[in-house]
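Hello,

Here is the structure we talked about. Please open it next to this message; my notes follow below.

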Amino acid sequence: MNLNEKFDAMRTAYDLAFAKAFEGTPSCYEQFAMAVGDAAHSVVKLPFLEQFAHMRRWMGSRVIKNLSGKMLTMTEDSYEDTIGINVRELETDNWTMYLPAIQQMAVASKAIWDRLALEALTNPAKWIDNKAFFATDRKYDKSVICNKTTDALSHESFKAAYSTMGGYKGHANEPLAVVPDTLMVGPALQFKAKAILENEFIKDETGNTTVSNECRNLTKLIVNPRLVGAAGNNWYLMCCNGPIKPVAVQKSKESGLVSKNAPTDEGVFMEDQAVFGTAAYGSAAAAFPHLVFGGILN
């Protein structure tokens, strides 16, 4: 096999390995984030309804809701991952030992959206009202939206958050009908969260008598493996059962494997390297405060 044929064989094998690893890599952001944007736009603007969706009795002229007053603006960032493989590795048929590196690039390419979505929750920018996204005194018109506690995860704090979200009202004092359906924690809280959501009985306040667990099966559980470190004890109760979700992920361009590995490519000639890389474009933002209640301990 001549060098050109070896280049072709390497490129084909790498493309297949990348595609298979990408497809086989799990992700969880879709469970609590909505995808917005497309390849044709580098900026996405999400309007915040001055009055949340509900139908009023039609009397007289229509009441037109303002879609232009407040906007959540998302601007894409660019991300890349690149490796170089010495041409000598092809000449000596050692290029297959780099297959795991190509597969890892695929894993990283799939994981970028998980990373961005979680970062949007754990380190959110100020919201469109210029207040911290997680706050105790946000106003929707005259209605107060508290979506934050500093209490550790427990049966009591879980029930308090669940009840708080269920009582949210929007503009014109209209109930928002928020029904939390998802609890997300990191590995440090997974067993505590499972006990809250799965145990049939719990101990009462005296610690002696077992009583029925009122929280059992109230929500599903996401154990996010990236929720570690400084935010490892944070917990997030969310409403994800509709088309609008707590986090928005701007996916302008999904990552794929590209290469500069033909014998005539400049890098091969000048650097004696075949180059393989990936690129993705996008961003993420915490979008709707009333759809997520954060136990913020960090």
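**Salt bridges**

Lys251 and Glu254 join their side chains in a salt bridge, at 3.0 Å from N to O. Please keep in mind that this is a predicted model. Lys251 is partly exposed, at 23% relative accessibility. Glu254 is partly exposed as well, at 34%.

The whole structure has five salt bridges. Another of them links Arg11 to Asp8, with the closest N and O atoms 2.5 Å apart. These two residues sit three apart in helix α1, so about one helical turn separates them. Arg11 has a relative accessible area of 26%, which makes it partly exposed. Asp8 is also partly exposed, at 39%.

Then there is Arg138 with Asp129. Their side chains form a salt bridge at 2.8 Å, N to O. Are the two partners buried or partly exposed? Arg138 is buried, at 0% relative accessibility. Asp129 is partly exposed, at 23%. The cut-off for buried is under 20%.

**Aromatic rings**

The structure has eight aromatic pairs. One of them is Tyr14 with Trp95: edge-to-face, 5.8 Å between centres, 70° between planes. Tyr14 belongs to helix α1 (residues 3-24), while Trp95 is in the loop between α2 (87-91) and α3 (99-122), so the pair ties together parts 81 residues apart in sequence. Tyr14 is buried, with a relative accessible area of 0%. Trp95 counts as buried too, at 12%. Ring pairs also bring in Phe276, giving a cluster of Tyr14, Trp95 and Phe276.

Lys110 lies over the face of Phe22, 5.2 Å from the ring centre.

**The chain as a whole**

The protein chain has six helices and 16 strands. Its radius of gyration is 25 Å, well over the 19 Å that the globule rule gives for 298 residues, so the chain is more spread out than a compact globule. Along the principal axes, the C-alpha atoms fill a box of roughly 75 × 60 × 30 Å.

How much of the chain is buried? Of the 298 residues, 40% count as buried. The accessible surface comes to about 15,900 Å², and 52% of that belongs to carbon and sulfur atoms.

Best regards

Technical notes:
Residues are numbered from 1 along each chain as its sequence is written. This is a predicted model: local features need pLDDT of at least 70, side-chain atom pairs count only at pLDDT 80 or more; totals for chains, interfaces and linings use all residues. Side-chain values use heavy atoms; hydrogens and water are left out. Rings of Phe, Tyr and Trp (its six-membered ring) pair if their centres lie within 6.5 Å; planes under 30 degrees apart count as stacked, over 60 as edge-to-face and the rest as tilted. Helices (H or I, at least four residues) and strands (E, at least two) are DSSP runs, numbered from the N terminus. Buried means under 20% relative accessible area, exposed over 50%, partly exposed in between (1.4 Å probe, protein chains only). A charge sits over a ring if NZ of Lys or CZ of Arg is within 6 Å of the ring centre and within 35 degrees of the ring normal. The radius of gyration is taken over C-alpha atoms; the globule rule is 2.2 Å times the number of residues to the power 0.38. Accessible areas come from the Shrake-Rupley method with a 1.4 Å probe; for residues, only the protein chains shown count as cover. A salt bridge is a side-chain nitrogen of Lys or Arg within 4 Å of a carboxyl oxygen of Asp or Glu.
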